[in-house]
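Reader: I have a model open and want to learn how to read it. Where do we begin?

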Amino acid sequence: MSPAELLATDALLKQLLCLGAFGLILLGLGGMLLAQHLIRIILSFGLLQAGIQILLAVISFRPEQAAFLLTGQVEGALTTEIQLFILTAIIINLVILMFAVILLMRIHQLFGFFDKRKLMKRFYATIR
Amino acid sequence: MQRTASLIIPFSFILLLIILIAELPLPSYFFLFDITEHNQQALISQNFGSNQLTVALLSYRGMDTLTELAILLAITTISSLLLGGNRRSSQTRPLITDRLQVTGIFLLIPVLLMSALYLILYGHRIPGGGFQGGGLLGIALFLPILTQPTSRLYSELLLWLDSLSGIILLSLALIGLFLFNGFFLLTQTEQWSFILLPCLSFIIGIKVGTGFAILLQELLAFDPDFGRIGYDRESNQS
């Protein structure tokens, strides 16, 4: 079976990917809202990013228009815009994660803890 | 060099923004047009390369690529600013000293370099490209730092390569924009695309790889106990 036929017949894959993406987004949002440990918040943010990227990839996934590299046909090739957008988003997200980790390292060096509540208390005490 | 690059790149973007705002005569692909048509007619029929993604990243979305590279440069600068003052002393023992692990790492590096170069140089024909190969290259450049004592020369070399590739890319983009009516020289010179595409991918790969290596190196050299009361920088050598 050629890749194009496989993509055309497999509608279940799209649904599974969609479910997985929404699951990741929910996990990430929940973790970001509920967690108190700063590293867990950053990890949840990473999950959220992954979910959004998979969702975007699923949106651009059309079985009747398989990727150009798989089929070798120029006619009806998938628009590359969404894939380019995902490629950009991956790099920007990586940089944002890096920035968050750097900030966390400085926070831990200055205060000696990773707790969100303690940090917010310090913050409000400083700006008051 | 790093300072020069971090000055030049924002100023070039400001210049481009001023041009856009002043509505000076610009090539038509700067404005909205039918992208699908452009893909199929301009890119594929002129035999630029089989991988549309890499070709599009280097041609009509070149501005996007430049912005990503500027963001990478920004994060390396930020990491130096935030963590740079808290480095371990230069005679630090390396993180990995076990003979077996060191040998394994040095066996791994050539394979990583090879696959990174393959992804970069064939990125316009197969799935791959400058960013993907650059990620692998970054790991290959970072692994020796884990096993050797901190080398000043190596860090300087990484910084120079990073800044130099950024400046080359920016100057190529600006020259193409003003002289040849196309970003990265790619729209008018389809007969040269077979050599231009791998070259541009190579420069982007070097930029991304050295950027990642510098970032990871900064994170590794960070000393979390620096500044504590009763802390001795020289005795904390682990």
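Reader: Does S201(B) count as buried or exposed, and at what relative accessibility?

Author: Buried means under 20% relative accessible area, exposed over 50%, partly exposed in between (1.4 Å probe, protein chains only). S201(B) has 2% relative accessibility, so S201(B) counts as buried. This is a predicted model: local features need pLDDT of at least 70, side-chain atom pairs count only at pLDDT 80 or more, and totals for chains, interfaces and linings use all residues. Residues are numbered from 1 along each chain as written, chains are lettered from A and ligands numbered from 1 in the order written, and side-chain values use heavy atoms, without hydrogens and water.

Reader: Where is S201(B) placed, and which residues does S201(B) touch?

Author: Helices are DSSP runs (H or I, at least four residues), numbered from the N terminus. S201(B) sits in helix 8 (residues 193-221) of chain B. Contact means heavy atoms within 4.5 Å. Leaving out residues up to four places away in sequence, S201(B) touches T54(B), L58(B), I120(B) and G130(B).

Reader: At what angle do helix 2 and helix 3 of chain A pack?

Author: Axes are lines fitted to C-alpha atoms over the stretch in contact, and angles run from 0 to 180 degrees between N-to-C directions. Helix 2 (residues 11-34) and helix 3 (residues 38-59) of chain A pack at about 155 degrees, axes 7 Å apart. That makes helix 2 of chain A roughly antiparallel to helix 3 of chain A (angles over 145 degrees count so).

Reader: Which residues of helix 3 of chain A are buried?

Author: Among them are L38(A), I41(A), S44(A), L48(A) and V58(A).

Note on methods
Helix = DSSP H or I, 4+ residues; strand = E, 2+ residues; numbered from the N terminus. Parallel < 35°, antiparallel > 145°, perpendicular 65-115°, else oblique.
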